Amino acid sequence: MSFHVSKRSDITTSKAWIIRIIAIVAALVVCGIVTTICTGDNPISIFTTIFQGAFGSQRKTFITLQYVAILLIISLALTPAFKMQFWNIGGEGQVLMGGLASAACMITLADKVPNAVVIILMIISSILAGAIWGLIPALFKALWNTNETLSTLMMNYIATQLVAYFVIVWEVPKGSGKIGIINQDSNVGWLINVAGNKYLLSIIVAVVITIGMFIYLKYTKHGYEISVVGESQNTARYVGINVEKVIIRTMILSGAICGIAGLLLVGGVNHTITTTISDGQGFTGVMVSWLAKFNPITMIFTSLLIIFMDRGASEISTAFELNQSFADILTGIILFFIIGCEFFIRYQISFVKANGKEEA
Amino acid sequence: MIKLEKKEIAVSLRGITKKFGKVVANNDVNLDVYKGEILSLLGENGSGKTTLMNMLSGIYFPDEGQIIVNGKEAVIKSPRDAFELGIGMVHQHFKLIDVFTATQNIILGLDGKLNIKGAKKEIQRICDKYGFDINLDKKIYDMSVSEKQTVEIVKVLYRGANILVLDEPTAVLTPQETEKLFKVMRNMKSDGKSIIIITHKLHEVEAISDRVAVLRQGEYIDDMITSETNAQEMTDMMVGHAVTLNIDRPEPKNSNKRIEVKNLTVLDEEGVTKLKDVSFEVNSGEVLGIAGISGCGQKELLKAIAGLEKVESGSITYIHKDGRTEELLGLKPRQISELGVKLSFVPEDRLGMGLVGNMNLADNMMLRSYRKGKSRFFTDKKTPRTLAENIVEKLQVVTPSIDTPVRKLSGGNVQKILVGREIASGPKVLMTAYAVRGLDINSSYTIYDLINKQKEKGTAVIFVGEDLDVLIELCDRILVLCDGEVSGIVEGRNADKNELGMMMTSNHNTSKGGVTV
């Protein structure tokens, strides 16, 4: 008996989600087995722990939602570029630059201008910084057709090193190699708490950007141009779309939204800046966006899924007194299943028996 | 089914069924191929010819049925299995490596020790035996289409094929090259090889094959001895009802000069001349045909007029009805349309340029109209939907719905959508490149009809074609391109096919007659 793999011509949405749910269940089972082998605990308690980790208390739920919000914003930022088949893997750098610009405003302007002005300048500068970081590779692509995967990736390294440099310039106290909490006493440049809840702002921003991006991609002329350029640059030129202009415009938008994520991370969540402030979410966002097939609404669920699994995994390692590496192992297993199941959604496997008959 | 008593059966297909999801591509097909015969496989697009042949050559595996080769049941799971049984297929799209020589391509992928010298001797022997004319050390990128095809056929023969399947081999050849191919095919036949040829051109079926088998909608209809049938009977059997095989050619009315091209020269990115000093004019209410071997500058010419090609020198002038003129050279497509010049273009590459394969019918309609939109920022989705519905209805496009991605439709339906959209804007100039390539008879005639309607409305039509019979029947004038140069413009009403063929291959428009094909 042998088998062969063929591309599915069609799959219903419900069937696709059944496959995804099976994958998640399988991921949890494997995680349970691995944890049981390592710790000897009851797998049921492990699953409860995962859930507890993400939604165990109101505070935990809000933290989870805030994480989701930031990841969602970054994923949404990358989406128009991906839809244009411009592989922007520079989200990390664009977020960092947005964060760096915010931090710069908070540190250098703290005693010079009123708080409101600082915040406005933070917003403007972080959006600009992200946009510029997106614009540079877009210009290379539009003018000389440079490979954007490489240039956006390299822009990440530049951003990381710039942040590393300024962390030393602004370090508090001198010699510590850290900035620490910025304006801890005056709270200048700290973004406002909506309704007294410090997690809510990111969530609201994420909701607004999600809806905005959905409309932008689906109903606007810009969104239509992005789809056409992504599907076929030849067709785009044939109908008179200025491909270079669309690439540049879209990457400015992509970078600008990443800049907003940086602003929220520095001004709203952490109130400091480090080289690892975006925590690889510029790359995780690539996955979130892909898994959702570039649909902003689906992205809410895919980002929730990734964060839920991630938070659950780290809760297991804390609750069962294992180290962070163990959480990484579990996250790895989970991602493997989630991404792997896309294969079964796209392809079907038929088994061919020796007599030559084919069965689905 | 006709039984040829004296002949030995080479391959026998018994009850072959193949489904793709819900679509039945082949249903209970029975077909015999005899040794030493040339069999034409005839059928409209989507009638399952290529699918059937792909099962014979191991690309697809049948859901049901048997394949019997030389009297024994065979399981063909891969092209390699097919080769081992002596079955080889030459596909419509060549599968050759450009930077390799003919010899390297022919021996590519074979097991055993690499022995180029020995292989070359053997290949030369095959070429001499059947009369292939080819330079084995030439690289593929230096070759003409016909030479590439020869390499593909020799490749199959070198692998020991006794049963050859040729999928639309003449679609890309000039009449002279076709004749050469037929000669080789006849040599192979007398050597006892079986050849199955897929073609749409009925006069070729009559010229080359011994027997014709007809498929319709995946089912085997019947087979006939070629010498006992005629084009009309074959068409009727293929389509399932009687069809008229004449293309209309109304006389041009109120012809005015619409576009004047002068001394147009185009170089490609590598600096190779694609068009050299091309001058001609197109009038309103007439169809100007453009003939030439593929890759002779047709594509560049149309793209230059549409504003999609960088032009070295020359001029392209558009003349409005009231006599005003506009210079189109150097303008982008958008600037051309902003001047009020209504130019429609049906490019050769339908899904790579004219349409977006992954978008649905309605969104593809939007390509031309999205700029109008609902407001400055938002698109209008309603108007294109209505247009899509209209086109589906008027041109009888077969599609599950207007929300289906166009790549899922068959070639004929894709073309109807593209032509329908381009005509919907009420063009003053309509350019079509290989408008009926790969289309079945019914769809082709729909397209000819649409072109004639545009002509009667006073549109200037430029029709780039490959089938000389069609060009001669449809066009008022035919411009012949050879290597990017105009080798002559002839009146369609008294054009001669052989003369056109000669003009396509030589730059001297003085070499009239003398050669018969």
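Start by selecting chain B and colouring it by burial: 54% of its 517 residues are buried (under 20% relative accessible area, with a 1.4 Å probe and protein chains only). This is a predicted model, in which local features need pLDDT of at least 70, side-chain atom pairs count only at pLDDT 80 or more, and totals for chains, interfaces and linings use all residues. Residues are numbered from 1 along each chain as its sequence is written, chains are lettered from A in the order in which they are written, and side-chain values use heavy atoms, leaving out hydrogens and water.

Next, switch to the cartoon view of chain B, where you will find 17 helices and 20 strands (DSSP runs: H or I of at least four residues for helices, E of at least two for strands).

Now show the C-alpha trace of chain B, which spans about 75 × 50 × 45 Å along its principal axes. Its radius of gyration is 24 Å, in agreement with the value near 24 Å for a compact globule of 517 residues; the radius is taken over C-alpha atoms, and the globule rule is 2.2 Å times the number of residues to the power 0.38.

Then bring in chain A and select the contact (heavy atoms within 4.5 Å): 25 residues come from chain A and 32 residues from chain B. The two chains bury about 2,500 Å² between them, with 57% from carbon and sulfur atoms; this is the accessible area (1.4 Å probe) lost on putting the two parts together, summed over both. Finish on Lys221(A), Tyr224(A) and Tyr238(A), which supply 35% of the area that chain A buries against chain B, more than any other three residues.

Methods
Buried < 20%, exposed > 50% of the residue type's maximum accessible area, 1.4 Å probe, protein only.
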